[in-house]
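The sequence and the model are shown first, and the description follows.

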Amino acid sequence: NSRLCGTEQCGSCRERWKLLTDFSGALERDEFQRYLQFFVDAGTFRVVGGEALSRWYHPQLGLLNPGRYIPLLEETGQIKQLDFYVMEKACEFLEELGRHQIQDFFLSCNFARGTFCAPDFARRCMETIQRFTFPRKLLILEVTESQRMEPYEMEQMRQNIQELRESGMRVIFDDFGAGFSSFYDLQTYPMDGLKLDKELVDNMETERGKLILQTLVEIGHRMGLT
């Protein structure tokens, strides 16, 4: 619960407090930039969508990758502010595509489970998207692997997912097969798709890895999931 000043840990401690202090102002100054990681159709090799990711251009520390600030914001509960900020930027981008007659490119944005299970989550999402005119199916909400949840939070998340899907948005689970995700999620939550964890794909050349990956894909397809 304590640290001795003067050790090499002081540097990371100072950065931690600086990032927490600067975070709210960074959102107001638009220091967070949107990066897109493309989704490619495995059958046609056509780019069909993208995942909206954030990078923090800090005025003193330079370009920060998510690993520098995402875990910190999750720990302090401030990740919710960034999640909705990225969603807003994703909606603006989809709206701009629509003005250029591009109607078949989707965007996904990440939400920590702690954000997703909040009682006001579905309402806030719908209040945001109602300000735009692009087809609702083009916005995909990704549930990330960030924390274990209590039973009442699981039930709230299930209700939120159901409400969002009924409004036309799609929901997928990120990093499936790692962290806190499990077959329990498949049984409990209505969803549109799965993003398999990178480690499963990295091991697809091994006998066990290939079997596990094939089984997960087959289960997903039989449940009607992408």
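Strands, as named here, are DSSP runs of E with at least two residues, numbered from the N terminus. The model described is a predicted one.

**A nonpolar patch on the surface**

Strand β1 (residues 32-40) gives the most to a nonpolar patch, contributing 3 residues. The patch lies on the surface and consists of Leu 36, Phe 38, Val 40, Phe 45 and Val 47, which together have about 500 Å² of accessible area. Leu 36, a residue of strand β1, is partly exposed, with a relative accessible area of 31%.

**Glu 51 and its surroundings**

Glu 51 is placed in strand β2 (residues 47-58) and is buried, with a relative accessible area of 5%. Its side chain is joined to that of Asn 110 by a polar contact of 2.9 Å. Beyond its neighbours within four places in sequence, Glu 51 is in contact with several residues, among them Leu 36, Asn 110, Glu 142 and Lys 195. A network of salt bridges links Glu 51, Glu 142, Asp 174 and Lys 195.

**Salt bridges**

The count of salt bridges comes to 19. One of the pairs, Glu 142 and Lys 195, connects distant parts of the chain: Glu 142 belongs to strand β5 and Lys 195 to strand β7 (residues 193-196), 53 residues apart. Glu 142 is buried at a relative accessible area of 0%. Lys 195 also counts as buried, with 18% relative accessibility, because the limit for a buried residue is under 20%.

Glu 155 and Arg 158 are both in helix α6, 3 residues apart, about one turn of the helix. Lys 198 and Asp 202 are both in helix α8 (residues 198-202), 4 residues apart, again about one turn. An α-helix has 3.6 residues a turn, so residues three or four places apart point the same way. Glu 155 is partly exposed at 33% relative accessibility, as is Arg 158 at 29%. Lys 198 counts as exposed at 57%, while Asp 202 is partly exposed, with a relative accessible area of 49%.

| Salt bridge | N to O distance |
|---|---|
| Glu 142 and Lys 195 | 3.2 Å |
| Glu 155 and Arg 158 | 2.8 Å |
| Lys 198 and Asp 202 | 2.8 Å |

Helix α5 (residues 121-129) has the buried residues Phe 121, Ala 122, Cys 125, Met 126, Thr 128 and Ile 129. They lie on the same side of α5 because they cover an arc of only 160 degrees around the axis. The cover over these buried residues includes α3 (79-99), β4 (106-111), α4 (113-116), β5 (139-143) and α6 (151-166).

Lys 137 lies in the loop between α5 and β5 and is exposed, with a relative accessible area of 53%. Apart from its neighbours within four places in sequence, Lys 137 is in contact with Gly 168 and Arg 170.

**Two residues with positive phi**

Most residues other than glycine have a negative phi. Asp 30, however, has a positive phi of about 55 degrees. Asp 30 is found in the loop between α1 (9-28) and β1 and is partly exposed at 37% relative accessibility. Asp 175 likewise has a positive phi, near 55 degrees. Asp 175 is found in strand β6 (residues 170-176) and is partly exposed, with a relative accessible area of 28%.

Note on methods:
Residues are numbered from 1 along each chain as its sequence is written. This is a predicted model: local features need pLDDT of at least 70, side-chain atom pairs count only at pLDDT 80 or more; totals for chains, interfaces and linings use all residues. Side-chain values use heavy atoms; hydrogens and water are left out. Buried means under 20% relative accessible area, exposed over 50%, partly exposed in between (1.4 Å probe, protein chains only). The arc is that of the directions from the helix axis to the C-beta atoms. Contact means heavy atoms within 4.5 Å. A polar contact is a pair of N or O atoms within 3.5 Å; within protein, one must be able to donate a hydrogen and the other to accept it, and residues adjacent in sequence count only if both atoms are side-chain atoms. Patches are made of residues with over 30% relative accessible area and no salt bridge: like charges are joined within 9 Å, nonpolar side chains (Val, Leu, Ile, Met, Phe, Trp, Tyr) within 5 Å. Accessible areas come from the Shrake-Rupley method with a 1.4 Å probe; for residues, only the protein chains shown count as cover. A salt bridge is a side-chain nitrogen of Lys or Arg within 4 Å of a carboxyl oxygen of Asp or Glu.
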